[in-house]
Amino acid sequence: MLNPRLPAIWYGADYNPEQWPEAVWAEDVRLIQRAAMNCATIGVFSWVLLQPGPDRWDFGWFDRVIEGLAGGGLSVILATPTAAPPAWLCRAHPEILPVDAGGRRLWWGSRRHYCPNSPAYREAAREIACRLAERYGAHPSVVLWHIDNEYGKVCYCDQCATAFRSWLQDRYGSLPALNDAWRTAFWSQAYDDWEEILPPRATPSFHNPGQVLDFRRFVSDSYLGCFLEQKAVIRDHSPQVPVTTNFMGWFKGADYWSWAPHLDVISWDSYPPPGAPPYLPAAWHDLMRSLKRQPFLLMEQSPSQVNWMPCNRPHPPGALRLQSMQTLARGADGICYFQFRQSSGGPEQFHAGIVPHAGAERSRVFAEVAELGAQLHSLGSRTTGAEIRARVAIVFDWASWWAMEQPPMITAELSYREEILRYYRAFWSLNVAVDFVRPTDPLDRYAMVVAPVLRIVTEEIAGNFERFVRGGGALLLTFGSGLTDGNDRAHLGGYPGLLRELFGIWIEELDPLCDDAAEQAGGTVGECTCRRWCDAIHLEGATALATYRSGFCAGLPAITEHRCGEGKALYIGTAPDDAALAALLAGYAAPLDITAPLQVPSGVEAVQRWSGGQPLTWVLNHTRDEATIRLPEPVRDLLTGRDLAGDVQLASQDALLLGSLED
Ligand code: GAL
């Protein structure tokens with residue numbers, strides 16, 4: 001449960017009454033109620049209205065907004081407005097403004113125009129967070145603190161340079177240690193004075209990869225520092241109310257694993273592009289749920305059109321409900337939107353709102369939002385807190401992502417996210433539940449762990465993997481793994497470095513395939529088309545399950561298996577085609593009893609959460625056609641209250657939520 005004060009599925013929206021005359025506010029509350037919502041997020045960008053000048057505060061209008069919502073029985077998600085510092089603050093302290101890699105200062109007049117290491121910014125942000133917490137921290141309607149908004153833009157200013165140096169001093173202690181970590185002997189980069197070290201600003205040629213990797217860690221930590229400072233002052237005045245900030249899914253700018261322990265609730269903003277395959281938001285949600293292995297809050301989704309994508313199509317009828325059901329199925333305990341009333345001006349005026357420019361009365365979008373609200377309301381707290389029991393995990397590692405995509409890349413055609421998705425998609429098509437983990441997490445709750453393109457492997461990771469395999473786990477590693485250490489320095493003696501022995505192989509050469517080039521491989525696991533990359537593998541105890549039939553690596557193993565202790569270490573030296581990969585994974589999953597909750601036709605998603613020892617199974621028809629769902633036993637559809645048995649027809653874009661007949 002996100003907060004016992006609101007023991008239901010949270011359903012709400014970013015609500016920005018400051019954009020409207022006060023006369024509209026009462027009508028807003030009525031419309032929020034009519035949409036069957038139970039909460040609203042306020043204050044996300046209200047800084048200048050709450051603090052119009054250095055020592056001027058105006059909370060009167062905000063009091064009235066909160067009282068209006070509370071009077072309507074609505075809960076409040078209270079944001080700190082620190083993602084958009086007011087112009088007066090930027091004028092008084094221009095050093096607040098961020099600087100890009102080329103040394104250009106960015107101006108106010110938009111949002112996110114601040115440097116996370118600016119003392120003046122931090123002080124001002126702490127102060128407004130403190131004032132809000134003092135005033136509203138004990139308000140009975142406040143159910144969640146929402147700090148800032150979508151942290152993560154990069155700044156390269158002198159304040160960041162100073163903070164980066166002290167971060168490096170903490171990490172390395174001495175310059176010789178730093179020079180060794182970054183291998184600065186190359187290209188005459190050695191440092192003799194801490195003051196010589198800079199953020200990786202624009203340079204004529206490639207950056208030092210160790211420096212970039214550390215800078216990315218530092219940027220993530222810098223924003224975490226901003227978050228923690230606000231959280232601390234909020235806690236002082238509002239100890240009972242959980243705290244979050246809205247994440248951005250698979251966002252490269254911050255290592256969310258390191259943030260997760262500091263958030264009481266994971267919340268995030270999901271904006272799948274029009275026509276996105278359904279496994280994509282499923283994968284995003286699964287990572288967000290996995291960050292704390294607990295239900296999350298979808299803080300923002302669009303009720304329809306999004307105005308910042310290259311092509312901003314409206315959601316077709318039914319799409320919103322289906323995507324919202326998928327969000328619940330994948331572990332959400334709440335669903336909120338950006339934004340309630342579509343703006344009448346400003347950069348997002350053509351971004352959909354629940355109440356569109358034409359008004360709520362004749363709006364398809366409003367009607368769909370309200371219908372969904374009524375359905376969620378009817379579920380009460382039936383699904384909240386329900387857990388997903390995954391027996392498969394995929395390793396998601398920000399450091400490997402950063403290092404793998406840092407120019408000069410082994411191949412510029414490689415996308416870390418795409419390689420993760422290749423495996424995710426295969427499990428999604430089998431309807432097998434997946435958690436994401438970091439490589440150092442305990443793995444014993446899983447039967448199978450997949451680590452795609454895990455470039456960085458440390459002693460700690462190697463030990464963790466070995467324990468997992470010896471204990472009986474099936475570990476699958478792919479090409480591009482075990483190449484470097486925690487500072488992105490190459491492992492010597494053959495890849496995958498510290499994992500050579502566990503996998504019983506060594507890799508002599510890496511052959512990335514360009515464009516759409518393909519090679520063939522085959523063996524006991526069947527035939528497969530290989531794209532993206534071929535590792536030149538030599539066996540050192542492992543068995544070849546497939547051998548390259550063509551290309552530079554012809555005759556060498558492409559897929560290998562090594563038995564070790566009670567478990568198996570499987571290495572895939574290429575990117576197999578989807579069908580071959582699904583067959584390979586299914587072959588490993590079956591003996592481990594890794595199964596789908598329900599057999600459904602292709603394109604239909606079946607996901608299970610567990611509540612009080614009882615399964616709740618969502619069935620989501622993403623196809624354009626009606627699908628036949630074969631039910632092994634009688635069940636109740638909790639969305640309609642109908643009892644179902646045998647073969648059930650499920651319309652395109654429709655969903656079922658199957659519970660027991662006693663539900
Ligand atoms: C989010 C942001 C919101 C709004 C929304 C529009 O990323 O947090 O403030 O801009 O996008 O889609």
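Helix α14 passes helix α17 in a right-handed crossing, a term used when the near helix is turned clockwise from the far one by less than a right angle. This is a predicted model, in which local features need pLDDT of at least 70 and side-chain atom pairs count only at pLDDT 80 or more, while totals for chains, interfaces and linings use all residues. Residues are numbered from 1 along each chain as its sequence is written, and side-chain values use heavy atoms, with hydrogens and water left out.

To find the pair, look for α14 at residues 416-429 and α17 at residues 578-589. Helices here are DSSP runs of H or I with at least four residues, strands are runs of E with at least two, and both are numbered from the N terminus. The two axes come within 9 Å and cross at roughly 65°; axes are lines fitted to C-alpha atoms, for helices over the stretch in contact, and angles run from 0 to 180 degrees between N-to-C directions. On the α14 side, R422, Y423, R425, A426 and F427 meet D578, L581, A582 and L585 of α17, where contact means heavy atoms within 4.5 Å. By class, this contact has six nonpolar, no polar and three charged residues. Ala, Val, Leu, Ile, Met, Phe, Trp, Tyr, Cys and Pro count as nonpolar, Asp, Glu, Lys and Arg as charged, and the others, Gly among them, as polar.

Now turn to another pair of helices. Helix α1 (residues 25-34) and helix α3 (residues 60-71) pack at an angle of about 35°, with axes 10 Å apart. Their crossing is right-handed. W25, V29 and I32 of α1 make the contact with W61, R64, V65, G68 and L69 of α3. These residues divide into six nonpolar, one polar and one charged.

Next comes the ligand. Among the residues that surround it are F45, R111, W308 and F338, each with a heavy atom within 4 Å of the ligand. The protein covers 96% of the 310 Å² of accessible area that the ligand has on its own, computed by the Shrake-Rupley method with a 1.4 Å probe.

Finally, visit R636 in strand β23 (residues 627-637). A polar contact of 2.6 Å joins the side chains of R636 and D643; such a contact is a pair of N or O atoms within 3.5 Å, and within protein one must be able to donate a hydrogen and the other to accept it, with residues adjacent in sequence counting only if both atoms are side-chain atoms. The R636 side chain also reaches the backbone oxygen of L661 at 2.8 Å.
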